[in-house]
Amino acid sequence: MKLVTFSAGADERVGVVDADAGVVRDVSGLLPAGTGVLELVTRWDELGPVLERPGAPEAVPLDSVRLRAPIPVPRRNVFCVGKNYREHVAEFGRSGYDTPGRSEALPDKPILFSKATTSVTGPYDDVSAHPGVTAELDYEGELGVIIGRGGRGISRADAYEHVWGYTIVNDVTARDLQRDHKQWLLGKSLDTHCPMGPYAVTADEIPDVTALELETAVNGESRQLALVKDLIFDIPELIATLSAGITLLPGDIIATGTPAGVGIGFEPPKFLRRGDVVEVSISGLGALRNRIA
Ligand code: MG
């Protein structure tokens with residue numbers, strides 16, 4: 001099932017999408033008043049079956065509504081993973097933007113950081129260039145994992161039982177802030193720098209997540225192309241590492257890392273400019289399309 005959050009006037013609605021038909025059914029009327037996708041994921045065992053009941057209004061064209069991020073305001077920061085594809089480790093190391101220096105060595109443990117909840121924006125919304133704050137804006141197309149059942153001390157073997165589903169994240173990065181402040185929070189968390197969506201796709205629609213292919217294009221030019229199976233630290237490893245001492249909560253989002261082909265991977269770097277359109281697509285999950293404003 002593909003769930004969306006969309007706005008109808010001042011209201012926020014939950015929809016179920018038929019991507020092939022290009023339509024969305026507003027299912028908010030089937031749910032307790034005020035239930036959003038985060039609440040739905042949290043109470044999935046109870047509320048998921050409600051979505052199958054008859055009584056939802058007629059489907060409307062998907063392009064007639066304004067999609068927000070499927071979880072527009074996450075419960076807490078989006079968990080992120082740095083340097084999790086081999087070729088990206090090398091390009092990042094060469095770029096001189098890493099801290100403390102130019103190393104192409106593979107990490108031996110997952111590198112974790114987070115993006116502020118206020119950075120989350122819709123799948124087709126404009127991304128702010130933040131002039132005066134950053135002059136070196138970059139993209140990072142990534143698979144996002146949405147946690148269903150929470151827990152602490154989740155083993156690799158049990159990890160997928162805690163995955164509710166998947167989405168796409170563009171981990172937009174202000175490279176100068178990342179370099180100059182020697183951290184991965186400020187440079188990753190500017191407002192609108194986490195486009196997400198377009199759908200929250202339940203795990204049962206994705207029989208083998210490692211087979212998914214990710215592509216990022218800028219103004220139609222392909223920049224990143226990779227398979228999820230090429231992650232250095234796979235999804236079970238990320239869940240086991242995070243949950244070893246932090247209780248994962250329903251609706252938590254883990255951006256699993258970006259492959260080679262980011263702007264600083266080029267010489268000279270190809271930073272984003274106003275008017276550029278960044279498209280991140282993953283097979284079975286749809287595509288984000290965001291203009292730099
Ligand atoms: Mg990233």
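**Entry 1: the model**
I am working from a predicted model.

**Entry 2: the largest pocket**
I looked up the volume first. The largest pocket holds about 290 Å³ of space. I then listed its lining, which comes to 14 residues. Nearest the pocket centre I found Trp44, Asp45, Gly148, Arg149 and Trp164.

Next I sorted the lining by class. I noted seven nonpolar, three polar and four charged residues.

Which elements supply at least two residues each of the lining? I found α1 (37–42), α2 (44–47) and β11 (163–170).

I also checked the domains. Domain 1 (2–67) and domain 2 (78–291) both give residues to the lining, so the largest pocket lies between them.

**Entry 3: the magnesium ion**
Which residues coordinate the magnesium ion? I noted Glu140 through OE, Glu142 through OE and Asp171 through OD. The distances run from 1.9 to 2.1 Å. Along the sequence, I wrote the donor spacing as E-x1-E-x28-D.

Glu142 sits in strand β10 (residues 141–147). Asp171 sits in the loop between β11 and β12 (173–174). The pair therefore ties together parts that are 29 residues apart in sequence.

Are Glu142 and Asp171 buried or exposed? Buried means under 20% relative accessible area. Glu142 has a value of 0%, so I logged Glu142 as buried. Asp171 is also at 0% relative accessibility, so Asp171 counts as buried.

How values were computed:
Residues are numbered from 1 along each chain as its sequence is written. This is a predicted model: local features need pLDDT of at least 70, side-chain atom pairs count only at pLDDT 80 or more; totals for chains, interfaces and linings use all residues. Side-chain values use heavy atoms; hydrogens and water are left out. On a 1 Å grid over the protein atoms alone, a cavity is a set of points where a 1.4 Å probe fits but cannot get out, and a pocket is an open set with protein on both sides within 12 Å along at least five of seven lines; lining residues have an atom within 4 Å of a point. Grid points are joined across faces, edges and corners, and a volume is the space filled by probe spheres set on the points. Helices (H or I, at least four residues) and strands (E, at least two) are DSSP runs, numbered from the N terminus. Ala, Val, Leu, Ile, Met, Phe, Trp, Tyr, Cys and Pro count as nonpolar, Asp, Glu, Lys and Arg as charged, and the others, Gly among them, as polar. Domain bounds come from an automatic or database domain assignment. Donors are N, O and S atoms within 2.8 Å of the metal (3.2 Å for Na, K and Ca); water is not among the atoms, so sites may look incomplete. Buried means under 20% relative accessible area, exposed over 50%, partly exposed in between (1.4 Å probe, protein chains only).
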